[in-house]
Amino acid sequence: TASTSVNGFTSSIRGAFSYVESLDRSLTSIRIVTGDSREEMAKFAVEANNAAQALGRQTKEYTNAALTFYQQGLNDEQVRVRTEAVLKAQNITNSGSEMADYLTAVWNGFKVSAEDTVLYVDKLAAVADSSASDMSELAVAMSKVASTANNMGVTIDQLTAQIATIVATTRVAPETVGNALKTIYARINDIKAGTDDAEISLGQYTGRMKSLGINVLDSNGRLRDTGDVMTEIGEKWSSMTREQQIYLAQTMAGQ
């Protein structure tokens, strides 16, 4: 009917106006953060539109992600690379603007250079494709633990494998998985440092692990990287008895 057509047209106009208004706010915010002129922002808007179209996303998705990175003090090239990596991840996961925050936590946690940002997205996508987890779950979980993992000598590949395995096996929420690993790494760090928060001493920890066939010390008597230790545990886990598995888990993760 005519009224239906008019209502549909009116709704489309409102949607278009809302989109333009949202895009304008995003561009204005970027201009405030960067101090760019109107002419520079007009050029940026054209570049953002072209880049977004090439990636199959909306222009405001590009500008919203770019704003996140400009607010972090990154330069134009760093913003461009990270923004395109985020939009690529959004395409893979069909996710929204929160993906920029998740990936930022991962990149910052592992001190990823601008040129390697896309590589890290590709790593997450590859693991998701080969496991019963999806990229969104990996990104969420990793955002909770990336910095702690990096400090404890856990590589991006090791952490991704750990999270994918846990999520696929338990189907626990990714936030829970990330926080659980963060707690384990922090506990091991407390043992290493001998802080008051440590439930057991370094000597007790190394002794218990050695009794299970896991040497957590290197040839110089220093703690090995946690990622390498956990990889070794994964290789030996199925050969342990149920009692040994529980004992090991409680030694590393506490009660």
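I began with Thr 251, which I found in helix H12, helices being DSSP runs of H or I with at least four residues, numbered from the N terminus. I note that this is a predicted model, in which local features need pLDDT of at least 70 and side-chain atom pairs count only at pLDDT 80 or more, while totals for chains, interfaces and linings use all residues. Residues are numbered from 1 along each chain as its sequence is written, and side-chain values use heavy atoms, with hydrogens and water left out.

Is Thr 251 buried or exposed? I recorded 0% relative accessibility, so Thr 251 counts as buried (under 20% relative accessible area is buried, over 50% exposed and in between partly exposed, with a 1.4 Å probe and protein chains only). I then looked up the side chain of Thr 251 and found one of its polar atoms 2.8 Å from the backbone oxygen of Tyr 247. Leaving aside neighbours within four places in sequence, I listed Arg 187, Ile 200, Tyr 205, Arg 208 and Met 209 as being in contact with Thr 251, contact meaning heavy atoms within 4.5 Å.

**H9 against H12**

I next read off the packing of H9 and H12, whose axes are 8 Å apart at an angle of about 75°. That makes H9 roughly perpendicular to H12 (the class covers 65 to 115 degrees). The residues that meet are Ile 184, Arg 187 and Ile 188 from H9, and Gln 250, Thr 251, Met 252 and Ala 253 from H12. Sorted by class, this contact has 4 nonpolar, 2 polar and 1 charged residues.

**H11**

Which helices do the buried residues of H11 pack against? I noted helix H8 (156–170), helix H9 (174–193), helix H10 (202–211) and helix H12 (242–253). The buried residues of H11, which spans residues 226–236, are Thr 226, Gly 227, Val 229, Met 230, Glu 232 and Ile 233.

Lys 111, not a glycine, has a positive phi of about 55°, and I placed Lys 111 in the loop between helix H5 (98–109) and helix H6 (117–129). Lys 111 counts as exposed because its relative accessibility is 64%. Arg 171 also has a positive phi, near 55°, and lies in the loop between H8 and H9.

Conventions
Helix = DSSP H or I, 4+ residues; strand = E, 2+ residues; numbered from the N terminus. Axes fitted to C-alpha atoms, helices over the stretch in contact; angles between N-to-C directions. Parallel < 35°, antiparallel > 145°, perpendicular 65-115°, else oblique. Nonpolar A, V, L, I, M, F, W, Y, C, P; charged D, E, K, R; others polar. Polar contact = N/O pair within 3.5 Å; in protein donor to acceptor, adjacent residues only side chain to side chain.
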